[in-house]
Amino acid sequence: MRHSRMPRKSLPAAVVGLALAAALGGVVPTASAAPAGSAETYAAYERSQENQAANKAFFDAVQRSVAEQRAANPGALVVTVTYNTRNAPSFRTQIARSTQIWNSSVTNVKLQEVSSGGSFSYREGNDPRGSYASTDGHGRGYIFLDYRQNQIYNSTRVTSHETGHVLGLPDHYSGPCSELMSGGGPGTSCTNAYPNSTERARVNQLWANGFAASGLGTKG
């Protein structure tokens, strides 16, 4: 988790870290040729300023996308954030579970899968930094799920944590296992994939009345 790493080839845009994952409900592919990271390298990237900046850039990109989609219906009180999993077939079970968790936890925003396009997408592969949320340089957001990290940490927690970044929550690695956005901070034994009451309340506040409370609204 988080947005939940270490040197590797540079991405065209800001990247957000996360730290967790151990396959849950399905087999996670074995990491191949790319160098594998470790809990220590994941933690180092997660706590970096680069990761923090990328986290914010990713959330901003998602909000811009949602604002465009909602232009025809500016009065909607519940925001729908769409996503696709075409490029993360190995993690569809974990993605479905994490979005189900969030949809049952908050009321002002809902996550909905689409076959292509969407407000953001999920991808999978090898990256020594681990899993993260990022932008592609063209204003589109995506969540990258790293194979190796998902063998070390609980995979549904990793995915649910990264999805928390989609909804505007920052990392808080010093928190307890009961806090979803503490990511890999509590260690590899932590399997909690649910946001706590404070995290749920914060997401509902951010997306209240069509995310007008965020200051972005649907203007322009």
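Predicted model: local features only at pLDDT ≥ 70, side-chain atom pairs only at ≥ 80, totals over all residues.
**Exercise 1. The chain as a whole**

Find how many helices and strands the chain has, and in what pattern they follow along the sequence.

Solution. 
- Step 1: The chain has 7 helices and 6 strands.
- Step 2: Their pattern along the sequence reads β-α-α-β-α-β-β-β-β-α-α-α-α.
- Step 3: Turning to burial, 54% of the 220 residues count as buried.

**Exercise 2. The setting of Ser121**

Decide whether Ser121 is buried or exposed, and list what Ser121 touches beyond four places away in sequence.

Solution. 
- Step 1: Locate the residue: Ser121 is in strand 4, which covers residues 120-125.
- Step 2: The relative accessible area of Ser121 is 11%. Buried means under 20%, so Ser121 is buried.
- Step 3: Leaving out residues up to four places away in sequence, Ser121 touches Asn84, Gly141, Tyr142 and Ile143.
- Step 4: Ser121 and Phe144 are 23 residues apart in sequence, while their C-alpha atoms are 8.6 Å apart in space.

**Exercise 3. The largest pocket**

Work out which helix gives the most to the lining of the largest pocket, and how the lining residues divide by type.

Solution. 
- Step 1: The largest pocket holds about 200 Å³ of space.
- Step 2: Its lining consists of Glu46, Arg47, Gln52, Asn55, Lys56, Phe59, Gly168, Leu169, Pro170, Asp171, His172 and Tyr173.
- Step 3: Helix 2, residues 49-69, gives the most to this lining, with 4 residues.
- Step 4: Sorted by type, the lining has 4 nonpolar, 4 polar and 4 charged residues.

**Exercise 4. The disulfide**

Identify the cysteines that a disulfide joins, state its handedness, and say which parts of the chain the pair ties together.

Solution. 
- Step 1: A disulfide is a covalent bond between the sulfur atoms of two cysteines.
- Step 2: The count here comes to 1 disulfide. Cys177 is joined to Cys190, with an S to S distance of 2.1 Å. This passes the cut-off of 2.5 Å.
- Step 3: Both Cys177 and Cys190 lie in the loop between helix 5 (155-166) and helix 6 (197-206), so the pair ties together parts that are 13 residues apart in sequence.
- Step 4: The torsion about the S-S bond of Cys177 and Cys190 is about 85°, and the disulfide is therefore right-handed.
- Step 5: Cys177 counts as partly exposed because its relative accessibility is 27%, whereas Cys190 is buried at 4%.

Conventions
Residues numbered from 1 in each chain as written. Heavy atoms only, no water. Helix = DSSP H or I, 4+ residues; strand = E, 2+ residues; numbered from the N terminus. Buried < 20%, exposed > 50% of the residue type's maximum accessible area, 1.4 Å probe, protein only. Contact = heavy atoms within 4.5 Å. 1 Å grid on protein atoms, 1.4 Å probe; cavity = no way out; pocket = protein on both sides within 12 Å on 5 of 7 lines; lining within 4 Å. Points joined across faces, edges and corners; volume = space filled by probe spheres on them. Nonpolar A, V, L, I, M, F, W, Y, C, P; charged D, E, K, R; others polar.
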